[in-house]
Amino acid sequence: MNKIKKLLLIIIPILLLSGCLLFKNKKSDKIDKIEKEVIEVNKKPILNKIDIKSATFASDIVLDELSKDSENTYETTKINNLTQIESLDFDIAIVPAYQVVDLYNKTDGNIKLAAITGVNNLHIISDKQINGPKDMAGKTIMVPELNDSMNRLIDTKLGFVKTLMRINTEFYYSQKELVKNLDSANNILAILSEPYYSKALAKKNYYSFDANKAISMLPNSKVDSNGDFLSEVIIVNKNFLMDNKKSVDKFLSDYKKAQQSIDSNTVLSQSIINNYDITNEEAIKIYKSMENTYIDSDTMSGVFEIYMDKLENLDSNIFSGKRPTDDLYYNIK
C-alpha cells in the first residue's frame with residue numbers, strides 16, 4: 001500500500017504539470033489563431049467605390065478609359081439631368097461649366113470646383129447666313145434646356161427685339177431632341193455642343209458661328225468677344241471631400257492622365273456607342289477635335305473668376321446677388 005501511495009505521489013504531479021502545459025499550448029494556439037484572423041481581416045481591401053457622375057460627352061469618354069483599370073475604385077454613372085447633383089447624391093461629378101453657380105446655390109455651397117476640363121464646346125449654327133441683326137428677323141432660336149438663369153438670360157437679352165423682329169424661342173429637354181427637330185425646321189438658329197454639333201453638320205451644311213462673337217453682339221452686351229468660353233468642370237461634394245482628400249486628389253490625377261491617353265486606338269464601351277448613336281471612330285475623332293484641357297488650383301480660380309465676370313457683363317442680375325465666394329474653389333496643396 002505504501003508503495004502505491006508513493007507511486008501516486010509521483011504520478012499526480014506529473015499529470016497536473018502535463019495538463020497545465022497542454023492547456024497552455026491549446027490556449028496559445030487559440031490566441032495565435034485569433035490574432036491571425038484579426039491580421040487577415042485588417043488586410044482585406046476596402047470595397048467602397050467612389051461615386052462619379054458624368055454629365056458631358058468628353059467626360060463619358062475619359063471615365064470609360066479609366067474604368068479599364070481594375071485597380072480603380074470608381075463607380076461611374078452617366079446622368080441626363082442634374083437632380084442627383086442638386087441633392088448631393090454623388091462624390092465627384094463632371095458637369096457643364098455654366099451649371100456651377102446654380103449648383104453652388106442650390107446645394108447651399110456644398111460643392112467645390114476642382115478643375116476645368118474643357119473650353120469652347122458651345123456652338124451656334126443656322127441654316128442661313130447672318131451678317132447682322134436684321135438677318136435675325138423671323139428666326140426661331142432653338143435652345144437645349146440650360147438652367148433657369150441661362151434660359152432667362154436669353155429671353156431678357158432679346159428683350160423688345162424679340163417682338164419687333166418676330167423672333168421665336170424654343171427650349172428642348174435635350175440636345176438629342178433638338179437635333180431630331182432640326183430636320184423639319186427652317187430659318188433657325190440653334191445652340192449645340194459636341195457631339196450633337198458634329199452630328200448636325202453631318203446631316204446638312206449649316207453656317208457655324210463663334211459663340212463668343214455671337215454673345216458679344218447681343219443687345220446691351222458688354223462681353224469681350226476674345227478669350228475662351230468655359231465648357232466643363234469637375235466638382236466635388238464637400239461632404240465627401242472632408243474625409244477623402246487623398247481619394248479626390250488621386251482621382252484628379254487619374255482623370256488628367258486618362259484624358260491625355262485617348263487616341264485613335266482607344267476602344268470605347270458599347271454603352272457610349274449606343275447612347276450617342278455614334279461609331280467608335282466618329283466618337284474619338286470628335287473628342288480629339290475638342291479643346292480638352294486641365295486647369296486646377298490657383299490658375300483655375302483666376303480663370304473661373306474671369307468667366308463669372310463675363311457672365312455678369314452679359315447680365316448684371318444673372319447670379320441674383322448670389323455670386324460664389326472663394327469658398328467655391330478646391331486647391332490641391
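What follows covers a cavity and some ring pairs.

This is a predicted model, where local features need pLDDT of at least 70, side-chain atom pairs count only at pLDDT 80 or more, and totals for chains, interfaces and linings use all residues. Residues are numbered from 1 along each chain as its sequence is written, and side-chain values use heavy atoms, with hydrogens and water left out.

Search the whole structure and you get one cavity of 30 Å³ or more; a cavity here is a set of points on a 1 Å grid over the protein atoms alone where a 1.4 Å probe fits but cannot get out, and lining residues have an atom within 4 Å of a point. The largest cavity holds about 70 Å³ of space, volume being the space filled by probe spheres set on the points. Its lining includes Ala 97, Asp 102, Asn 147, Phe 304 and Tyr 307. Domain 1 (48–119 + 228–321) and domain 2 (121–212) both give residues to that lining, so the cavity lies between them; the bounds come from an automatic or database domain assignment.

Now the rings: there are seven aromatic pairs, meaning Phe, Tyr or Trp (its six-membered ring) with centres within 6.5 Å, and planes over 60 degrees apart count as edge-to-face, under 30 as stacked and the rest as tilted. Phe 57 and Tyr 276 sit with centres 5.1 Å apart and planes at 85°, so they are edge-to-face. Phe 57 and Tyr 276 are 219 residues apart in the chain.

Terms used:
1 Å grid on protein atoms, 1.4 Å probe; cavity = no way out; pocket = protein on both sides within 12 Å on 5 of 7 lines; lining within 4 Å. Helix = DSSP H or I, 4+ residues; strand = E, 2+ residues; numbered from the N terminus.
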